[in-house]
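Here is a friendly walk through a structure, taken one part at a time. Please keep the 3D view open as you read.

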Amino acid sequence: EQYFVNSGNLKGKKALVSAGPTYEPIDPVRFIGNHSSGKMGYAIAEELAARGAKVTLVSGPVAFDKPLPGVNIVKVMTAEEMYESCINEDDYDIAVMAAAVADYTPSSVSETKIKKTEGNLELSLKKTKDILKTLGASKKESQVLVGFALETDNEQENAAKKLKDKNADMLILNSLNDEGAGFGYDTNKVTFFFKNGDKKDVALKSKKLLAKDIIDAITELL
Ligand code: CTP
Ligand code: CA
């Protein structure tokens, strides 16, 4: 079943979606990554395109190669590259930031393979730029900006705080504590948080069907 009945047409609308993890290089053979599969972001991009939107999908490295008709896929590796590609598309009507962007990246990348030595290795990491927060800071009245939040504790409070801090219109809380939700699964169980304080629990369902609910909710905000 769907929570929103209004599955309006998005012809003429411009959408930006981020998806997947980012890889932050340490040296020529190693990187810092995360478990994001990219499935949720790709499902959202596919659904936006199916409803007629002109979609740009900025994707980190994913394990599948899914051709999405009508979607302009921009492939990136690092948080910095994802930032540049997303900021370049800031004239969107709808933006959904579904990527698991690295919060930190090595302060410097070794040009040669780091050799194993006695004792521990310490890596120095610097903070990356927050893409969602940057888009939120320059958001126009007509633009709808959606973020995700991945939490393991204090989920409700953290999600409500992220929605506000990043000036998003909607935030989708992903809980790693729910069965069938989170990394790798084809299903997801989330809660929608809206700017006006409304909240909506969405039942466990496939990422494909959840994408429809998400776009229905966005359509109501347009
Ligand atoms: N995000 C982003 N750019 C970053 C980090 C996060 O655009 N550099 C976006 C994500 O795509 C997601 C939202 O911000 O839509 C929240 O990401 P999350 O990792 O849950 O929150 P953070 O603000 O990074 O805080 P923390 O990881 O400390 O919980
Ligand atoms: Ca983060």
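## The sheet

In what order do the strands of the open sheet follow one another? Reading across this predicted model, the order is E5-E4-E1-E6-E9-E10-E11-E12, which makes eight strands with mixed pairing. The two edges are strand E5 (71–75) and strand E12 (199–206), and each of these pairs on one side only. On average, neighbouring strands of this sheet are turned by 20 degrees against each other, direction ignored.

As background, strands of a sheet pair through backbone hydrogen bonds, and the pairing can be parallel or antiparallel. Both kinds can be found here. E1 and E6 are joined in the parallel sense over four bridges, with Ala-15 standing opposite Ile-94 of E6. E6 also pairs with E9, again in the parallel sense and over four bridges; Ala-95 has Leu-145 in E9 as its bridge partner. By contrast, strand E10 (residues 170–175) and strand E11 (residues 187–194) run antiparallel and share five bridges.

## A closer look at E6

Which way do the residues of E6 point, and are they buried or exposed? Ile-94 and Val-96 point one way from the strand, Ala-95 and Met-97 point the other way, and all are buried.

Helix H1 (residues 39–50) lies across strand E1 (14–19), strand E4 (54–59), E5, strand E6 (94–97) and E11, and runs at about 165 degrees to E1. Helix H4 (residues 155–165) lies across E9, E10 and E11, and its angle to E9 is about 150 degrees.

## Around ligand 1

Now turn to the ligand. How many residues surround ligand 1? There are 16, and the closest are Met-97, Val-101, Ile-131, Leu-132 and Gly-147. Met-97 is also one of the buried residues of E6 described above.

Helix H3 (131–137) and strand E9 (144–151) each supply at least two residues of this shell. The largest share, four residues, comes from E9, the strand that pairs with E6 in the sheet. By type, the shell around ligand 1 divides into nine nonpolar, three polar and four charged residues.

Terms used:
Residues numbered from 1 in each chain as written. Chains lettered and ligands numbered in written order. Predicted model: local features only at pLDDT ≥ 70, side-chain atom pairs only at ≥ 80, totals over all residues. Near = placed C-beta within 6 Å. Nonpolar A, V, L, I, M, F, W, Y, C, P; charged D, E, K, R; others polar. Pairing = 2+ DSSP bridges. Axes fitted to C-alpha atoms, helices over the stretch in contact; angles between N-to-C directions. Contact = placed C-beta atoms within 7 Å. Buried ≥ 20, exposed ≤ 12 C-beta atoms within 10 Å, placed from the backbone.
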